[in-house]
Amino acid sequence: MKFITTPGPFQRSKRTTLQIMLELSAALVLVWIFGIVYNFVAIGPAYGIKAILMVVVSLVVTLLADVLVAAIRHKESHGPMMKHIIDQVIHNYSYVTAIIFALTLPIGVPYYVIIVGSLFATLVVKYAFGGFGSNVFNPAAMARIFVGVSFSGSMLSYLGTDISAVPTLDLISGATVTTQFSSLGTKWLTDSLTGLSANINMLDLYMGNYSGALGETFTILILVLCVVLAIRKVINWRTPAFYLGTVALTSVIIALFTGLNVLDYTLISLGMGGLAFGAVFMLTDPVTSPTSPFGKALIGVIAGFITVLIRVQGNLPEGVVYAIAIVNILAPVIDKMATGLTNTNTLKKWGVVASAAVVALAVNGGISAINVRNANSSEPSSSESSSEPSSEPVVVPFKTLQGTASSAACEEYCSVQTMTVSVDLDEEYDIIDISIAEAPTTGGNYSTTWTEGYDALVEYYQGIGIVGIQAMTPANAAAMPAGSFIAGVTESSFRLLNALKDAVSDVEVYFGNATSSACEEYCDPQTMDVTVYVEAGIISTIKVTGGITTTSGNYGTNWAENYPAVLEYYQGMAVADFLALAAPAPEGMVAGVTVTSDRLFVAIQHALASYGG
Amino acid sequence: MNIFSSVAKLHLESHKDLEKASVLHVLEDTKVAKVFMPAVGPNGADMNVLVKAGDPVLVGTKLAVRKDMYVPMYSPVSGTVAGIELVYHPGLSRPANHIVILNDGKNTRLPDALKVIDPETATKDEIVAAIKEAGIVGMGGAGFPTFIKYQGVKNIEYVLINGVECEPFLTTDFLSMQLEAKEMIQGAMLLKKACDAKEVVIAFKVHKNAVKEALDACISCHPGVRYVEVPDVYPMGWEKALIKQVFNRTYEKLPAEAGVIVNNTQTAVAVYRALVKGEVLTHRLVCVSGDGVKNNGNVLVPLGTLAREVVEFMGGYAEEEVVLLPGGPMTAKAAEEDGFPIQPAIGGLTILKNKIHHEVPCLRCGNCTMHCPAFLQPVEIMDALERKDEARLAKLNTMKCVECGLCATVCPSKIDVSENVKRAKRYLKFAQAKAAAKK
């Protein structure tokens, strides 16, 4: 007879951690299946397959990472290596993270991003911090932040280059519904879906009938799963309840403060973006949450505050994963502070929760109200650089060219920036002024730095002129020559250059010269350089850049007085007509200065020799 | 409902076959050759042993007296003292001195072993003195000397008779209330008088119809006695939880602060028998249960019978390896061997097949915190213990743990939470004693 003396108690609940994780995985797989079906049915087989492969790749990479770590950490005392590895893989539950991470990515994400992200989640966020049970940050959320920041340009919602294959994306920038919504009017402060490039209504939003991250769109399914998982005690109901409740309440307050439709705005806030998914699958991660019921409720409120704050005031279209990361940092602090008996200090606990909620409502409501007011009051004078009282006389430009440039489209965690510039030219096609009509740059410090350095940029481009602008071909913002960018605001400077290039793209510039002598024996040959600007086959303007003067004395004066008329004669002439001339027309000659006039004519001919080439 | 608080309870699977439990098995005295009575108190201190090897004893002969409090111990059988032997003591988890008595099976009583009192005319002090002299200790599992609860108490409104038996498997209270309802109530009336309470309340769990019937039959004869049914959750039988449930009162250290004194049903029966019949405690009901023993059932055994013999009486072990629990599965500490005697505090032998749990890292789900009946945070206590953080252990009210085991029961990672909190308590106690000694 052997009497076992392990410590009690000897009646344990049948529920195990593995069961909990498997049930969570089952819920995630349901969400994944919907993602696959939507991509297959609404878009196409290639997309459906990508949807399958995204999660598969994530799982495989995570599995390999798990196996690697288990193998490295294996010790004699663990028993046979194979058994140890299998045991570790099953009981570290990295596969749950793998699925969650893959579900936060857009369909067009490259495979290498998934691989890097999965490795980052597993090896860095999880194992480097101590493995299951010890990680500080939710691995899926942190990995999502990491790839969103590092590969922002690759987070596309379409495969290849055909944006139109995917319904509900913006056809020009490929931006998803969430990004479109956040750039409608004042950021995140619109109560209607009608302004979106995508054609969706509220039901579409909740039924996932639009293109977004793989698992985040089908809000209703996620909310149903939330209830089921909470009942089965897989997740704690307090966290998603307080999170969604805070966001909903904040939306109500914002709508009241800014005059939006309360119900519509609240529904949009809850259904848009990654809120529901993050609430149910990432914020509820028990390892990174406080252990006390009070703590679990409190992080819901704080996360709700930060999510809405980033939405209305931050740079990004969506703030869910950042809110989760911040709240993960707070979890140990909250646990440290909540030491008393759990049934005591109830009023105090409610007080803390309520205070956090009030701060959330007040700050977000206030910021929203201010943003809307600013947007309304600044619309009429959006191109305000021209309405500033200036001491200089306003110069009326001879011609104004307009150009636009946009930064790369990306999904959710960066926003598309578009810049429109107007280039004022004088008659000689020199740049008088460059003004920016729309969205010069990002907010905050960047804006100030930009404003301070802007005049210097204009001077630079004035100095190099259209020719210089056309000659600049830096590959990216980092390759811009000195003087053409403002330090710290290089992206916007790059965008400005591209907009300028767009503006002057229709202007063709030709250079030519001619050399001749006024007389045979005692006159030095004179060379005249011209620059000819052509637009749409018509000579726009001719500049004589070198060798304007001819012999001195009367000839010089005569020429100087009359050659502008010659230039005017040629300006406005079709290039084809000019090239047909064998010799300058009478209007193209200055009486008494025929050699120089001829020289001018030949110089222009030489310049236009490469026209149409 | 306080959503920030622990729910403080859990419905456990009861593993109680009420029909089987209503059958009384009797382990005859003639079958028990030797009985063993401890010569040490519950904390290991030696008792004053009054007999020696070779002494003849009768039922009611005083064998020994505890030194720290006056608790006399009487012989449950007649026979001869064989001597003092080292026998395993489950409460101390080690062998301890026991008085061995060779049972002659005749049950010859010592006349006037206990002075009988008249329940009608006895005064409060006489009752308490009689309880003290009878050496009655709690039969609900704690074995606390009953008279101390009544000595010098004031402002007591209720005597709460605890028949809740919230641990899974245990059913002796259930059977006792059916068979001894009258004695229990009469004993309760004596206890009521002992503290000038105004009412006796008998508590037991719902769905125990046999008990209800037994009580209904005789409760009307006694004014000032009523019963109440409580929910089938664990740990409903814990004094604090029960008083909160029945009277909606709380207290810090002792139920007397809330105007209540709590005693087990079988203790009340013992009080009646001792005070009115002059009988010392000679037998007690033991619930033999679990899948590790061939037959399950309630057995009336002579006090001092070795557990091993009780198990044999019930068919013997069903497995080679078992967990042998003197008590219930939640609070009892597994015994290292079966050679220990049944004493008033051992109401059950729960014998279970060994289940192996795969322990994984804590997932910080907070289940333990969510269910702790004392409203503590076991997961935080475990963390603080690992970091040897005494200040935090004190702030977390570690000493308030009642060792009910619920935290470990609900833990999905199968961590020995309850054991770790017990270690934390020992660590904190030691650390605080060290700090106090330094001063």
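**Exercise 1.** Which residues of α13(A) meet which residues of α14(A)?

*Solution.* Step one: know what you're looking at. This is a predicted model, where local features need pLDDT of at least 70, side-chain atom pairs count only at pLDDT 80 or more, and totals for chains, interfaces and linings use all residues. Residues are numbered from 1 along each chain as its sequence is written, chains are lettered from A and ligands numbered from 1 in the order in which they are written, and side-chain values use heavy atoms, with hydrogens and water left out.

Step two: find the partners. On the α13(A) side you have A:G295, A:L298, A:I299, A:I302, A:A303, A:I306, A:T307 and A:I310, and they meet A:V320, A:Y322, A:A323, A:I326, A:V327, A:L330 and A:I334 in α14(A). Contact means heavy atoms within 4.5 Å. Helices (H or I, at least four residues) and strands (E, at least two) are DSSP runs, numbered from the N terminus.

Step three: sort them by class. This contact has 13 nonpolar, 2 polar and no charged residues. Here Ala, Val, Leu, Ile, Met, Phe, Trp, Tyr, Cys and Pro count as nonpolar, Asp, Glu, Lys and Arg as charged, and the others, Gly among them, as polar.

The axes of α13 (293–313) and α14 (320–337) of chain A come within 9 Å and cross at roughly 145°. Axes are lines fitted to C-alpha atoms, for helices over the stretch in contact, with angles from 0 to 180 degrees between N-to-C directions.

**Exercise 2.** Now try α18 (554–570) and α20 (594–608) of chain A: at what angle do they pack, and how far apart are their axes?

*Solution.* The angle is about 35°, and the axes are 11 Å apart. On α18(A), look for A:W559, A:V566, A:L567 and A:Y570; they meet A:T596, A:S597, A:L600, A:F601 and A:I604 in α20(A). That contact splits into 7 nonpolar, 2 polar and no charged residues.

**Exercise 3.** Where does the largest cavity lie, and why?

*Solution.* First, the volume: about 210 Å³. A cavity is a set of points on a 1 Å grid over the protein atoms alone where a 1.4 Å probe fits but cannot get out, and lining residues have an atom within 4 Å of a point. Points are joined across faces, edges and corners, and a volume is the space filled by probe spheres set on them.

Next, the lining: of its 20 residues, A:M21, A:V96, A:T97, A:I100 and A:D285 are the closest to the centre. By class, the lining has 13 nonpolar, 5 polar and 2 charged residues. The largest share, 3 residues, comes from α4(A).

Finally, the location: domain 1 (15–166 + 211–215) and domain 2 (227–376) of chain A both give residues to the lining, so the cavity lies between them. Domain bounds come from an automatic or database domain assignment.

**Exercise 4.** Which residues lie nearest the centre of the second largest cavity?

*Solution.* Head to chain B: they're B:C372, B:P378, B:C401, B:C404 and B:C407, out of 14 lining residues. This cavity has a volume of about 110 Å³. Its lining divides into 12 nonpolar, 1 polar and 1 charged.

**Exercise 5.** What is omega for the cis peptide bond that joins B:Y234 and B:P235?

*Solution.* Omega is about 0°. You'll find B:P235 in the loop between β11 (225–230) and α7 (239–247) of chain B. In chain A, the bond from A:G8 to A:P9 is also cis, with omega near -5°. For background, most peptide bonds are trans.

Key:
1 Å grid on protein atoms, 1.4 Å probe; cavity = no way out; pocket = protein on both sides within 12 Å on 5 of 7 lines; lining within 4 Å.
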